[in-house]
Structures are given as structure tokens and as C-alpha cells.
Amino acid sequence: MTTGTRETQVNSSPAVAANAEGEEIEVLESIDILPVASEDQWKSMFDKYDPENSGFISTERFRDLLMAHGSELDPHKLEVLLALADGSADGKICYQDFVNLLLCPHRKKRRTENKDRFRGGCQTYKNMSNKRSNSFRRAILQGSRQLKGCSLRDEAGLGLPQRLVRHVAYETLPREVDRKWYFDSYTYCPPPWLILAITIAEVAVFMHYGFQLERLVLQVSSPSFLKSPLPYHPQLRAQTWRYLSYIFMHTGIEHLSLNMAMQLLVGVPLEMVHGALRIGLVYLCGVLAGSLAVSVTDMTAPVVGSSGGVYALVSAHLANVVMNWSGMKCQFKLFRMAMALVCMSVEFGRAVWLRFYPPAFPPCPNPSFVAHLGGVAVGLTLGVVVLQNYEQRLQEQSLFWIFFFVYSLFVLCAVFWNIFAYSLLDVRLPPPP
């Protein structure tokens, strides 16, 4: 392939663009045309230009590879690879970045052979993922600002699953480059199972105790409500599972309905984009922070409900929308953000009212509302960092480790508080249920 032919191909199928201010980069997604060569063949081609088996080749050799074998590539991917070569600051291309872009989402499953091939700066073949490295993203940003491409919204002829993926991309991601990367790589495998599983479990537990207590509204007014092994109770704080299991109990159907609506409407799209591991991390950190915050600040009150985890996800998402307001292209975003804040305020107001309402069975007070605030604190710190770094590995983000260290320090202090403070302060706790 000649240089003139290559330039004509790049200009005829642009894949990367910047907006008028040069802040948003657009990478045109692949059009489901598989490369003729298999992954093993591409690896063999890369090896010819990497005789030292270092896992890197120079940008000059990389261009030679593309010129020799570019006809076997989807032209959209070829253009992004050329942009990667143009923007490489250190003059080298890592095989991981090359194969991640080249074969995602159609990468084959065979990864065990030759897993020790790459050492040093490039991660082993075994650990490859579709998360882009910092060097990859910088190269794309630097090498593609002069190109223009169409918006993902302009794609026509999409099926219902593809339209759903595109809708989720615009709901959660602020940059077009990330939306197109996600649209091209998402395969519904695995599905967003975590939030759905938690929600189903919460409904099942609620219905079980609804029939057992013979009430659905204000179950907390039943004398047997806190006798369950699930709620957090200050007298039973040595039973450590209660710091997490309390999310499966709710004070009534009004409590469950609000939490379930926010959990599904926000949590499922976030899990589709960021994965169960990241969203589960934010959710569980919010849950644990909620119960520990109650044990420190509202020492005599029990805790029920999934508000700690729900508020962590919702507050992180809303903060991400505000911080990237111009980049978020979801429809009616101001109205929908206002509605989310109204739902959060109604649920929090209900919890505050119930906490100070005279309990049905004194001296045990009604459940605390402080878990909501613990979830918000996690969402505005750890959650924001997770949601803002869709395309990068969290272990590469110093801010993530800073917030994670602060969170771990809070958990450690709260544990010592629960061990020593209750006896030192001579807190009068309600009797065990």
C-alpha cells in the first residue's frame, strides 16, 4: 500500500474528531467487519517487527506494518491506529494497545499460550483488557485532533439492543470517544446482574417479612421487626454481618419502592458501562460507610434499608453529570437531575421524620437516617473517581488511592470506636430485640 493510498483511505473514512473547543475527541466505531487475519496472525505479524520480543515496536515500524497489512483491516480501525502512531510521545507502540483496539470486541478467548511473551512496561498477554492505558489515551488525544467524524447519534439501522447500548452511553459517559468505544465493545456478556440480584433479594426479603409480620406499610412498627438477623442494632454490633446485611430490610413498602426505583434507574446503566466490580465497590463502600456512620454519630439507633449504597451511586452519578455538564448529551438532563434530587430529598425527609417520630416500642428508637449521609460521602469521593475514569485502570489513578486510603482510615477508626467508645462514654443502649 502506497503512502498516497493510505492518506486517501484516512481522509475518506474519518474516525476521530474534536469539538469546536478541542475538548471532545470522536472515534468512529467499527462497523462489525471482522479483520481477515486472526489474532494469532496479527501477533505473528507484530513479531516480525519486534525481533527482540520486547512487546514494543517503534512508530516507524508500526507504520510499515499498517502500510503492509492495512488492506486487511476495517478502515475505521485503521484510521484510529494511524492516529495512535501519530500521537505516540515516546515513539513506541505497545502490543497491548494495538490488539485491544484491533480486535475488541471480537477478541478470541485463547490467551493462555504465550502468556509470558511480554514483560516490562507492557502487561502480560494474559492480563489484557479493553481498558485503555494512559499512554494509549494520550496518544489518541494528541494524534487525532485534526480529524472529523460523525456523532454516534447519527447511526441508523440499529436494532433494539444496540439502541439501548447507545442510550446508556449517552446517559453515563461525557465524552464521545468513550461513548463510541463503549458502543463498539459492549456485548451484554455478562449482563448487569449485580444490581438486579440485589434488588430481587431485597424484594424477596421484604415480601417474606411482609407475610410474617402481616403488614407491608411501616413494618418497623411491628414488635418482631428488629428480631430478624439482618438489621443493624447497636446492642448486636459484634455480629459483624449486620453492617452489610441491613440493606435487605426496609421499614415499609414506601421505603423499598423509592430505594428500588433509584437503584434500578441509576445502578443498572452504571453497571452496564463500568461493570459489576466497580459499581459493586462503590455500592458496598456506601453500605458499610452508612452503618459505620450510624454507629459513630447516632449510637443508639438501628439501621435498615439500602439507602447507603443507593445514595453512593446516585450522588456519584449526579456529581459526574454536573462536573461534565457540557459533555453530557442525555435528553432533558436538567429536568431529570431535578427529579433525582427530589426523589433523594423525599426519601431522606421520610427517614428524618421517622427517626424522630415517637417509636412504637420505646426505648428503642426508630431507624437512623445517617446512613444516607454516609452513602453520599462515599459517592462524592470514591464514586466520582470511579465514574470519571471509565477508560482507564483505577490502579493508575492517584486520586483513587487517596480516597481509598481516606475511606480505609475512616473504617479503621470506626471499628476502634465501636470497640472502645461505647463503654468509655457509658452510652445507654436500648435492650436487644
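Helix α11 supplies eight residues to the lining of the second largest pocket, the largest share. Helices here are DSSP runs (H or I, at least four residues), numbered from the N terminus. A pocket is an open set of points on a 1 Å grid over the protein atoms alone, where a 1.4 Å probe fits, with protein on both sides within 12 Å along at least five of seven lines; lining residues have an atom within 4 Å of a point. This is a predicted model, in which local features need pLDDT of at least 70 and side-chain atom pairs count only at 80 or more, while totals for chains, interfaces and linings use all residues. Residues are numbered from 1 along each chain, and side-chain values use heavy atoms, without hydrogens or water.

The second largest pocket holds about 540 Å³ of space. Its lining has 22 residues, and Leu265, Val266, His317, Arg336 and Ala340 are the closest to its centre. Besides α11, the helices α7, α12 and α13 each give at least two lining residues.

Tyr283 is in contact (heavy atoms within 4.5 Å) with Leu313, Ile195 and Gln263, among others.

How far does confidence reach? Mean pLDDT (the predictor's confidence in each residue, from 0 to 100) is 77 for the protein chain. Residues 142-148 stay under 50.

Note on methods: Grid points are joined across faces, edges and corners, and a volume is the space filled by probe spheres set on the points. Lists of a residue's contacts leave out its neighbours within four places in sequence.
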